[in-house]
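Please keep the sequence and the structure in view while reading.

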Amino acid sequence: MIIKLIRTIIIVLCVSCANRANDPDTSLHEHAVFPVGTAISANNLLADNPLREITLDQFNSITMENDMKMRSIAKGPELYRWKIVDSVVHFCENNDKRLHGHVLIWHSSVPGWLREMDGQTDSIRNFTEKYITKYVTRYKGKVAGWDIVNEAISDSAGTMRNTFWLENLGQDYIADAFNLAHAADPGAVLFYNDYNIERDTVKLHATLNMIEKLQSENVPVSGIGLQMHIRMDVPNDVIAYALQKCAETGLQVHISELDIIFNKHNDTKAGGIQQYTEFTDSMALAQGDKYKAIAEMYRTIIPEDQQYGITVWGFDDGGSWIRSFFNIHDWPTLYDDSLKRKPAYYGFLNGLHSE
Ligand code: G3I
């Protein structure tokens with residue numbers, strides 16, 4: 001009984017501490033020596049919108065959640081829709097934000113018209129080469145880094161994922177994409193980006209082996225992106241191990257899509273398993289600790305000259321992809337549904353700088 005009472009008092013004190021620190025002048029990116037970014041949609045970024053205001057105040061790096069994907073850009077073999085990206089580039093230049101390019105080659109963003117060309121390998125190769133060259137050339141010097149290839153390694157087995165790209169272009173599609181992007185903008189940081197590599201050691205090592213092989217063939221890979229869509233129970237020492245291994249590559253390291261959930265899922269659409277129906281104060285505090293630990297581990301394990309930064313995959317629970325994609329109710333981000341800062345915000349902020 002007494003223990004319960006003490007626990008409640010501690011929780012109330014912590015939550016009110018967090019609220020006291022609800023200083024409108026606090027800015028996440030000003031607390032870090034590396035860029036702190038968010039994913040956002042162009043709609044929210046470019047319109048008069050509270051999400052845009054928070055982005056302007058809190059983050060100095062921006063990733064388009066969907067607007068720079070192939071499906072959004074390539075409407076036909078010779079039909080490119082650049083208008084939105086042009087506006088985003090303009091926004092970033094005017095507001096001194098870094099733009100991270102997400103993503104050139106991803107099996108989940110193959111446009112319908114291209115998928116229909118399945119098997120016509122010459123035409124697919126021709127389109128893909130032109131696409132990468134045109135896209136990266138157009139935004140040369142304006143996009144700081146690109147996710148060149150996303151999610152090319154399969155889950156658990158550590159083999160190449162069987163995708164539209166692998167089937168049509170063979171495994172050289174990865175090296176080719178990096179080479180073309182580098183030729184178009186030699187100054188951009190070029191990433192291989194994947195999920196679960198912070199927790200699935202087989203996948204981590206398969207990724208590192210692939211990168212090592214690419215480097216031995218002089219393919220210009222210059223960064224590794226750990227998406228880090230994690231759950232509360234992914235152990236910190238496992239994450240630390242993955243970060244250490246990534247640091248040892250000497251490449252730029254990006255935590256590229258951070259969010260932290262409570263419920264389980266099986267990595268597939270609508271594959272959520274609702275275990276927690278209520279977001280309690282103690283869950284909120286534990287999530288704050290987890291965000292803090294991630295930021296701290298990144299800051300202390302990744303050498304400063306390899307710190308490309310940490311990007312959160314959206315910052316408001318209401319807008320997070322998690323709920324609609326997995327069909328679960330969860331609370332993965334830094335702000336709640338009414339855009340109020342959660343303990344996750346303060347934990348993250350405190351992890352970004354040394355005490
Ligand atoms: O905009 C259309 C809307 O017009 C339509 O009515 C509606 C009906 O389905 O779909 C809307 O598009 C959705 C789009 O998000 C914008 O909300 C797509 O269906 C939906 O598939 C798409 O999901 C995105 C997903 O990637 C697939 O591209 C998520 O927002 C986005 O968060 C997610 O991001 C990925 C990263 O790119 C790679 N790593 C994993 C990460 C999470 O899955």
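## Basis of the model

The model is predicted, with local features requiring pLDDT of at least 70 and side-chain atom pairs counted only at pLDDT 80 or more, while totals for chains, interfaces and linings use all residues. Residues are numbered from 1 along each chain as its sequence is written, and side-chain values use heavy atoms, with hydrogens and water left out.

## Surroundings of the ligand

Glu65, Asn66, Lys69, His102, Trp106, Asn150, Glu151, Gln227, His229, Glu257, Trp313 and Trp321 are the residues around the ligand, each with a heavy atom within 4 Å of it. By class, this shell has 3 nonpolar, 5 polar and 4 charged residues. Here Ala, Val, Leu, Ile, Met, Phe, Trp, Tyr, Cys and Pro count as nonpolar, Asp, Glu, Lys and Arg as charged, and the others, Gly among them, as polar.

Polar contacts are pairs of N or O atoms within 3.5 Å. Glu65 places a polar side-chain atom 2.4 Å from an oxygen atom of the ligand. A side-chain N or O atom of Glu151 is 3.3 Å from a ligand nitrogen, and for Gln227 the corresponding distance to a ligand nitrogen is 3.1 Å. The protein buries 48% of the 790 Å² that the ligand exposes when taken alone; accessible areas come from the Shrake-Rupley method with a 1.4 Å probe.

## The largest pocket

The ligand sits in the largest pocket, in the sense that more than half of its atoms lie within 2 Å of the pocket's grid points. On a 1 Å grid over the protein atoms alone, a pocket is an open set of points with protein on both sides within 12 Å along at least five of seven lines, whereas a cavity is a set where a 1.4 Å probe fits but cannot get out; lining residues have an atom within 4 Å of a point.

The largest pocket holds about 690 Å³ of space, a volume being the space filled by probe spheres set on grid points joined across faces, edges and corners. Among its 25 lining residues, Trp106, Ser108, Glu151, Trp321 and Phe325 are the closest to the centre. Strand 5 and helix 13 (321–326) each give two or more residues to this lining, and helix 13 gives the most, with 4 residues. Helices (H or I, at least four residues) and strands (E, at least two) are DSSP runs, numbered from the N terminus. The pocket lining divides into 6 nonpolar, 11 polar and 8 charged residues.

The largest has about 90 Å³ of space, and its lining includes Arg125, Glu129, Trp165 and Asp176. Helix 7 (121–138), helix 8 (164–169) and helix 9 (173–184) each give two or more residues to that lining, which comprises 7 nonpolar, 1 polar and 3 charged residues.

The second largest cavity has a volume of about 40 Å³. Among the residues lining it are Ile105, Trp106, Asn150 and Glu151. Strand 5 (98–106) and strand 6 (145–150) each supply at least two of its lining residues.

## Backbone features

Most residues other than glycine have a negative phi, and most peptide bonds are trans. His102 and Val103 are joined by a cis peptide bond, with omega about 10°; Val103 lies in strand 5. Asn218 has a positive phi, near 60°, and is placed in the loop between helix 10 (201–216) and strand 8 (223–226).

Note on methods
A polar contact is a pair of N or O atoms within 3.5 Å; within protein, one must be able to donate a hydrogen and the other to accept it, and residues adjacent in sequence count only if both atoms are side-chain atoms.
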